[in-house]
Amino acid sequence: MLAFFLQSGAIAAAELSKIRRDPTELFSRAVQPVLWLGIFGQVFSHVRDIPTGGISYLAFMTPGILAQSVLFSAIFYGIAVIWERDLGIVQKLLVSPANRGALVLGKALAAGLRGLVQAVIVYLVAALLGIGLRWEASSMLLVALGVMLGSCIFSTFSLIIACIVKTRERFMGIGQVLTMPMFFASNAIYPLQIMPGWLKTIAIFNPLTYLVDVLRHAMIAGGRSAHGLPVDFGVMALLFLAMLAIAARLYPGLAR
Amino acid sequence: MPPAIETIALTRRFNGFTAVDGISLTVAPGQIFGLLGPNGAGKSTTIKMLTTLLTPTSGTARVADHDVVEAPVEVRRAIGYVPQMLSADGSLTAAENLLLSARLYGVPPRVRGARIAEAIAFSGLEEFAGKLVKTYSGGMIRRLELAQAMLHHPAVLFLDEPTIGLDPVARRAVWERLQALRRDYGMTILLTTHDMEEADVLCDELAILLEGRIAARGNPQQLKADTGPEATLDDVFVAVSGGTMQESGNYHDVRQQRTTLRRLG
């Protein structure tokens, strides 16, 4: 058990050294949230019809934009794995005695660390726009946990897709097709209650919905969770464990 | 002492195509064993089965006295592997690559520092250990990959085309290190190659694979003597493979290489 986490830690630590070395990547990631909050959000604040539960629309959508940037960066994680496969790094990892699940978890944790950087960026943008944020340590810890767990889910989902399609071209196609629908079929920029029934059903099964719900509660002053944090974290944790189990089974297939 | 590698009727099929067709071979501890053959002969598939990356369709294989199907984790603990492709991470330094390997192989923290220092000295990369691997030359990367594969002192080392694409100096540097690993650590080494000089200089024992089967087997001297007086390994290869290589691009290469060697006298 200890060995399992040490192995995951080794993978995550190696990824962390890469993140530290490439700050340009972090900068380019700030662009999307700035556009959504600075332009889309400014305009849509004038629409008074969207029920936001007593907070401004801009404040309402801020957690949605953080969740979106977590989703968009984690969902392309599979590309990096396909790249590593084409090089031979995956083969080398799989010949080591490390547990396959530990290797997958290590990759997911690394995606989580990247997600935390996204969170810092969105906090900065939101603060600049004068959005009322919760700055208590306990709230920020919840945000960090949610962002980590969300990144783990989406990056592992991405890894599963990579294990199935195995080539970059096919992966890019699927990645593009998945991201926008996942974003729109969630509570990121409008609440579930104004969705048509069919969309609501999809949104209930969309993990992004639960991440947004956590963030809306823990990030925004006056924001409230619709499902309750235990439900949100429970759904996300179970989903992640299931994905981890599937990915650990599929990952060795990449070496064939 | 049990053999370092032993396969019995090892077979692998892919959708009806038989890549490895009933290979039985034994490699004694401390040997450098070469698998030769044109592209598509089944060399890489054999290595993948021996390193547990691929499950055999039938037959058995034991590596370091563990069955590759029944005890894959024990096999992985006992082996090192250098894939044909580039397997060191270019976005990390040599030291970081080695640290990752040490952690994944569970090298205890007490000896980790010493092992990494030993591996860096082995690879001759002392001055470059803190530099990103993507700035290295092909030969330096190969030496680092060797260092990563020997870090945990495996009993058996597998290398897939270890010197492909390297210049003669870099190639020689790899050979010297492989010989050092056998001499200093008693490692058994199995490598694939289609470089005849490499096979001749380095290997104690060879098996020539053709279409998934062992077409010839023996030590280089014996194989050459069996083919004819003054025969080179290239001659052996051509004699063994006969006209069956039309599907491989390597027939041309072998012929060209042979002509060059003749000219050089």
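This is a predicted model: local features need pLDDT of at least 70, side-chain atom pairs count only at pLDDT 80 or more; totals for chains, interfaces and linings use all residues.
Visitor: Where do I start with a sheet?

Guide: Start with the pairing. Strands of a sheet pair through backbone hydrogen bonds, either parallel or antiparallel. Now take chain B. An open sheet of 4 strands there has the order β2-β1-β4-β5, with antiparallel pairing. β2(B) and β5(B), residues 66-67, stand at the edges with a single partner strand each, so one side of each has no neighbour in the sheet.

Visitor: How many bridges join β1(B) to β2(B)?

Guide: There are 7 bridges between β1(B), residues 5-14, and β2(B), residues 17-27, and the two strands run antiparallel.

Visitor: Which residue in the turn between β4(B) and β5(B) has a positive phi?

Guide: A64(B), at about 50 degrees, in a hairpin with 2 residues between the strands. β4(B) and β5(B) are joined by 2 bridges and run antiparallel. R62(B) and D67(B) are bridge partners there.

Visitor: What about side chains along a strand?

Guide: In a regular strand the side chains alternate between the two faces of the sheet. Keep that in mind when you look at the next sheet. In chain B, 6 strands form an open sheet in the order β6-β7-β8-β3-β9-β10, and the pairing is mixed. The edge strands are β6(B), residues 79-82, and β10(B), residues 213-218, each pairing on one side only. From one strand to the next, the twist averages 15 degrees.

Visitor: Do β6(B) and β7(B) run parallel or antiparallel?

Guide: Parallel, with 4 bridges joining β6(B) to β7(B), residues 156-160. Find G80(B) and look across to L157(B) of β7(B), which stands opposite. Helix α1(B), residues 43-50, packs on this sheet, touching β3, β7, β8 and β9 of chain B. The direction of α1(B) makes about 150 degrees with that of β7(B).

Visitor: Which strands does α9(B) lie across?

Guide: α9(B), residues 233-241, lies across β3, β9 and β10 of chain B. It runs at about 145 degrees to β10(B).

Visitor: Now helices. How do I read one?

Guide: An α-helix has 3.6 residues a turn, so residues three or four places apart point the same way. α7(A), residues 137-165, has 29 residues and at 1.5 Å a residue should span 42 Å; its end C-alpha atoms are 42 Å apart, which agrees. Just after α7(A), K166(A) takes a positive phi of about 65 degrees.

Visitor: At what angle do α1(A) and α6(A) pack?

Guide: About 40 degrees, with the axes of α1(A), residues 2-21, and α6(A), residues 100-128, 7 Å apart. The two helices are therefore oblique to each other. α1(A) passes α6(A) in a right-handed crossing. The contact includes F4(A), I11(A) and L16(A) of α1(A), and L103(A), L109(A) and L113(A) of α6(A). Its residues divide into 12 nonpolar, 3 polar and 3 charged.

Visitor: How many residues of chain B are in contact with chain A?

Guide: 20 residues of chain B, against 19 of chain A. On the chain B side, α2(B), residues 72-78, and α3(B), residues 94-104, each supply at least two residues. α3(B) gives the most, with 4 residues. The chain B side divides into 11 nonpolar, 4 polar and 5 charged residues.

Terms used:
Residues are numbered from 1 along each chain as its sequence is written. Chains are lettered from A and ligands numbered from 1 in the order in which they are written. Two strands pair if DSSP finds at least two bridges between them. The expected span of a helix is 1.5 Å times one less than its number of residues. Two residues are in contact if their C-beta atoms, placed from the backbone, lie within 7 Å. Ala, Val, Leu, Ile, Met, Phe, Trp, Tyr, Cys and Pro count as nonpolar, Asp, Glu, Lys and Arg as charged, and the others, Gly among them, as polar. Axes are lines fitted to C-alpha atoms, for helices over the stretch in contact, and angles run from 0 to 180 degrees between N-to-C directions. Angles under 35 degrees count as roughly parallel, over 145 as roughly antiparallel, 65 to 115 as roughly perpendicular and the rest as oblique. A crossing is left-handed if the near helix is turned anticlockwise from the far one by less than a right angle, and right-handed if clockwise.
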